[in-house]
Amino acid sequence: MDPTLEKMVDPTLAEMGKNLNEAMKMLEDSQREAEEEREKKRYARKDIPGPLQGSGQNMTAILQLVQNLMHGEDEEELQSHRLQNVGEQGHMSLLGHSLAAYISVLDKERLRKLTTRILSDTTLWLCRLFRYENGSAYYHEDDREGLLKVCKLIIHSNYDDYATEGFNVLHNKSPVLYISAACRTGLGQYICNQLGLPISCMCSVPCNTMFGSQHQMDVALLERLIKDDIESGKLPLLLVANAGTPGAGHTDKLARLKELCSQYKMWLHVEGVNLATLTLGYVSSSVLAATKCDSMTLTLGPWLGLPAVPAVTLYRHEDPSLSLAAGLTTSQPVEKLRALPLWLSLQYLGHDGIVDRIKYASQLSQRLLEHLRKLSSIRTSEVITKPKELTFTGKSVGNILGNILLAIVEDEFNSPVVVFRFIQEHLASALDGAQYQSAAVQESTKDSNERETNDALNRWLGEQLGQLVPTSGVDVVELEDEGTCIRFSPLMTAAVLNTTPEHVDQLAECLKAKIPILISTLQLREEFKQEVYQTAGLTYIEDLSWPGLGAVRYEITKEEPDPEKQQVAMENISTGLLKKLKELDSDVIFSAGPEFGGEKNCIYIGMVTDNLDVPELVETIASTGKEIEESSKLLENMTEVVLKGIIEAEQQLQKANEAKLLEEGVLRQIPLVGSVLNWLSPVHGSVKGRSFSLAGGSLEPTDKLYALKAQAPEGTPPPTPTTSHAKRKSPGQKLFRKSSRASASDTVSETSVGHTEGTEESRIITETTRLEGENEIHKSLESSAQLNGDLELPAPAQSKGKSDDHSSNIPEVHQTSEPAEAEDPEKEDLR
């Protein structure tokens, strides 16, 4: 036992700490399992509940069962990785839940004093950390519950008889709750459902469309909405603003919104990830204005990497009775123990530890932002919000004021959340300097097809980055104005995933490696489309949601009158074509398309590089599809012919049996009698052999077949015919790659002279060998004929070493290449 635990006065508390340490050690130490135990766990009955044992089980057996359930076969590596990042501060949080259960059994007086101390300490520490003076705190599991309790408090404050009359007092003067359109989805509906209010009480405030951030609340429009609601007899109660929107991490104009709420006696509630920066020494003025709001919700669990800690809503209100009626405070000491895990964790981390964690996450964002600024094809969220640069002429004071104003504006939009997306080169170049506004208008009014294509490419890029660097925590978000973007929010993920600066650098390198693939795919899409249009038998499929070169369908030349047979034939050909294309040695990735929403019976081509030979690719698809269609038709025709041939063969065999019966008589067909007659008087008849031809589907006599066999030369069999689309490739070069003309000419110049000389020499040797072989064979045949004059010999067979065959044995000069087993790194990038 730990010496510190041994010195404790309370033995139960010491035993609890010991058990928790042992339990966490057992759950986290997944490496200590033996191979025999893993085999037992593989065949163990984990998902089927069994009967409860009468004698019970010890703690080790129960924890072992929990470990087996946590470390499943499919999620073993992922779960073990996350558990290793819990750390000691996470253990303190987990200890808090155990202590809360133990403390709840104390007597009422001790419990009241202890819970009051824990609640007051935690509230004081949080108010000082987040610069929220004279605030109270409400601790809740669901991060939306704090806002819900605040809404109840506002209704109780504005409707005097609400506690007794209920919803009847809301009928004459309907309440209105304003929520930004950039808030998380479903928040307004959740509040209305929990409060029993109609959806009409919720008003969504649009964001700016012309000036400033596209994710900031439009203050002027909000004021007009408030005036309209007041004129119509409604009562504005609450405004929910963002200090870091869920999508892009932008902050509303909180100072201006606070003035507006004070003017119309409304409650201002703020939430968002940027509230974490209030703990830092330097805070942007836009986020600092949140300290003047009426309430704010903090999610400390992901910010500090603390598991199972409650969210906190800080608020200011003077009437404790209304807070009690709204549920923000409670008289039950057990409910106050929700703050215990947070109380332990904050003491373990300390002020400096909390600030360092949040500062570390902000530095990761700045590090990635510096990498992204060097990439011309990547646009970040800060470019969207950056206004047109102000210029002053004539006075140096004007230049100074302009720079100060520009610095203030940039400071307003400083956020630890980095949102970026890939855009085309011509649009990226337009986002520099004073051309920002025109480029923004061009971006907002661009063709919807182009935007959908870019969204598909960014979705693919985000998924690739998440798979290549999972510890970065990047994910894909859908924004209303920008479309599909990639988000990096280290405040929500870095503490849990243990993200390091090296992971950020790795993320930037992977992004830099993927950009050329995106650009080449965009450039070759139109060429691929035109090539498919010009190729007979192929149809181009327009699927803008596919992140790749495009989709194509092979059309059957022969139309079937039956639609079902036509569909089956299309499916068979498409399946066979996809299988053949996947077997080719190329860098191109072929698939049947997305799992949901894709076109049927199509070949989808993934991301490609700039050295792709598009005409060869299209020609290969068309010719391969034609071969499969012809082979399927041949098989169908052969089936019909064989069936007819079998019927005809049965008829001919029946006729042959009847003729044999008439020729030999009935007596010869009896087994015993027939054998005696055949011995006394043999029948001199020739057995006619027959063969069944699959090509003709008929029976043919074997005389001609044996005659052809005897006359056939024993030379080299004819070469296997190859398709026309299989172009000659140099050794080591994969299909669909553009070959360099310079290297090809160099190879020809180096090998042409040697190849000519070798061919001439080989031809002379072959001719000499052929003449000598014919003389020897002729002599041997003459000697054999003299010795066996009464035997009939077949025609002399030709020698295998003919002059035509020797030309194929000429050694060719090959370029050195890598082994075939080595995997091409380009194909891994495309995947």
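This is a predicted model: local features need pLDDT of at least 70, side-chain atom pairs count only at pLDDT 80 or more; totals for chains, interfaces and linings use all residues.
Q: Why is Ser365 called buried?
A: Its relative accessible area is 1%, and buried means under 20%.

Q: Where does Ser365 sit, and which residues does Ser365 touch?
A: Ser365 belongs to helix α17, which covers residues 340–373. Leaving aside residues up to four places away in sequence, Ser365 touches Pro416, Val417, Val418, Phe488 and Pro490.

Q: What makes Glu109 and Arg112 a salt bridge?
A: Their side chains meet at 2.6 Å, N to O. The rule asks for a side-chain nitrogen of Lys or Arg within 4 Å of a carboxyl oxygen of Asp or Glu, so this pair qualifies.

Q: How do you know that Glu109 and Arg112 are separated by about one helical turn?
A: Both lie in helix α7 (residues 108–129), and they are three residues apart there.

Q: Why are Glu109 and Arg112 called partly exposed?
A: Glu109 has 40% relative accessibility, and Arg112 has 41%. Buried is under 20% and exposed is over 50%, with partly exposed in between. Both values fall in that middle range, so both residues count as partly exposed.

Q: What makes Lys258 and Asp294 a salt bridge?
A: The N to O value for their side chains is 3.4 Å, and the cut-off is within 4 Å, so the pair counts.

Q: Is Asp294 buried or exposed?
A: Asp294 counts as buried, because its relative accessibility is 16% and the cut-off is under 20%.

Q: How do Asp455 and Arg451 compare with the cut-offs, and what are they called?
A: Their side chains meet in a salt bridge at 4.0 Å, N to O. Asp455, at 11% relative accessible area, is buried, whereas Arg451, at 26%, is partly exposed. Being four residues apart in helix α22 (residues 448–468), the two are separated by about one helical turn.

Q: Which residues are linked in a network of salt bridges, and how many salt bridges does the rule give?
A: Asp143, Arg184 and Glu271 are linked in such a network. By this rule, the count is 16 salt bridges.

How values were computed: Residues are numbered from 1 along each chain as its sequence is written. Side-chain values use heavy atoms; hydrogens and water are left out. Buried means under 20% relative accessible area, exposed over 50%, partly exposed in between (1.4 Å probe, protein chains only). Contact means heavy atoms within 4.5 Å.
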